[in-house]
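I opened my notebook to see how this chain folds up. Here is what I looked up, entry by entry.

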Amino acid sequence: MTGPAQLRRPGPLALWWQGARPRTLAISAVPVAVGAAAAAPHLSAWRTVAAAVTALGLQVGVNYANDFFDGVRGVDTAARVGPTRLVASGLASPRAVAAAAAAAIAVAAAAGIALAVAVGPALLLVGAAAIVATVLYSGGPRPYAAAGLGEVAVFAFFGPVATVGTALVETGGAIPAAAWWASPSCGLLAVAVLLVNNLRDIPTDAATGKRTLAVRIGDPASRRLYAVVVAAAYASVALGVAVRALPVPALLALLALPLARTPLTLVARARGRELVAGLIATTRLHLVTGVLLTVGLALR
């Protein structure tokens, strides 16, 4: 564990902003934007904002919860090479980080309940499942992230659930086919971000008994899986256009393909701390692809 004395303590706002992991927040904003574009012209400003608050609140909540649980369980050690964690570094108490996670989830729940009142009670079930998934990702007696299932949940909740869910609240009932077909790209690129993160953390996760998917299949297979996932994200868009479920302008998303070269190269060759650059490049790829896909859907 990195001692507090070795760190330059940021101010309160910077501290909690850092703990929220701002570089990852586009992962939850992108599917909301894509889902809203797929639902056009049936758009409602307040429902779009509420969907974004729900998605961002849950992601910030899971980030703080992950910080808390991995910190108190000793999963985040001094050997870890990623960004500083609040609990493990001693920059914040476990109780404060747990409270921050609860507050973020409460904000998400409030926005989700408002949407359920407007659209229908079935949304409450989806919201409850999302909150349970948020908590059990790193918490509970058997965290599913440590069982190799983190990628499955990330694909589901940052892909179909967020994208199709946003389209549903925008239309008030009908779900456009474009929302379903656009959602895999969002989910797969979110999985790619998690794969790089877990590839970087294989040594420390394995040492502490956290058996993520990367730990289970090993370093070489994780790198190959990353390439397959990135390729599938773009292939799903092309297939959607080919079967006429997505409009032709959705192919704008493929303009992001040249940007994939950097993260693919980094993930194929980098080791340890060098993979942080691969993580950042993958997050950027996810954001640019999502923006282009949103524009393409809006141009129908």
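I began with a term: contact means heavy atoms within 4.5 Å. With that in hand, I looked at contacts with a separation of 6 or more in the protein, and residues 24 or more positions apart account for 77% of them.

Some housekeeping came next. I am working with a predicted model, where local features need pLDDT of at least 70 and side-chain atom pairs count only at pLDDT 80 or more, while totals for chains, interfaces and linings use all residues. Residues are numbered from 1 along each chain as its sequence is written, and side-chain values use heavy atoms, with hydrogens and water left out.

**Overall fold**

I found 13 helices and 0 strands in the protein; these are DSSP runs numbered from the N terminus (helices are H or I, at least four residues; strands are E, at least two). The radius of gyration, taken over C-alpha atoms, is 19 Å, close to the 19 Å that the globule rule (2.2 Å times the number of residues to the power 0.38) gives for 300 residues, so the protein is as compact as a globular protein of that length. Its C-alpha trace spans about 55 × 45 × 35 Å along the principal axes. I also noted that 51% of the 300 residues count as buried (under 20% relative accessible area, with a 1.4 Å probe and protein chains only).

**Two helix pairs**

How do the axes of H8 and H13 cross? I read that helix H8 (residues 177-200) and helix H13 (residues 275-298) have axes that come within 8 Å and cross at roughly 170°. Axes are lines fitted to C-alpha atoms, for helices over the stretch in contact, and angles run from 0 to 180 degrees between N-to-C directions. H8 and H13 are therefore roughly antiparallel to each other (an angle over 145 degrees). Among the residues that meet are Leu189 and Val193 in H8 and Leu279 and Leu293 in H13.

Next I turned to helix H3 (residues 45-72) and helix H7 (residues 150-171), whose axes come within 9 Å and cross at roughly 155°. This pair is therefore roughly antiparallel too. Here Arg47, Thr48, Ala51 and Gln59 in H3 meet Phe158, Thr166, Val169 and Glu170 in H7.

**Tyrosine 137**

My last stop was tyrosine 137, in the loop between helix H6 (122-136) and H7. Is tyrosine 137 buried or exposed? It is buried, with a relative accessible area of 14%. Leaving aside neighbours within four places in sequence, tyrosine 137 is in contact with residues including Val62, Asn66 and Leu194. I also checked alanine 65, which is 72 residues from tyrosine 137 in sequence and 8.5 Å from it in space, C-alpha to C-alpha.

How values were computed. Parallel < 35°, antiparallel > 145°, perpendicular 65-115°, else oblique. Buried < 20%, exposed > 50% of the residue type's maximum accessible area, 1.4 Å probe, protein only.
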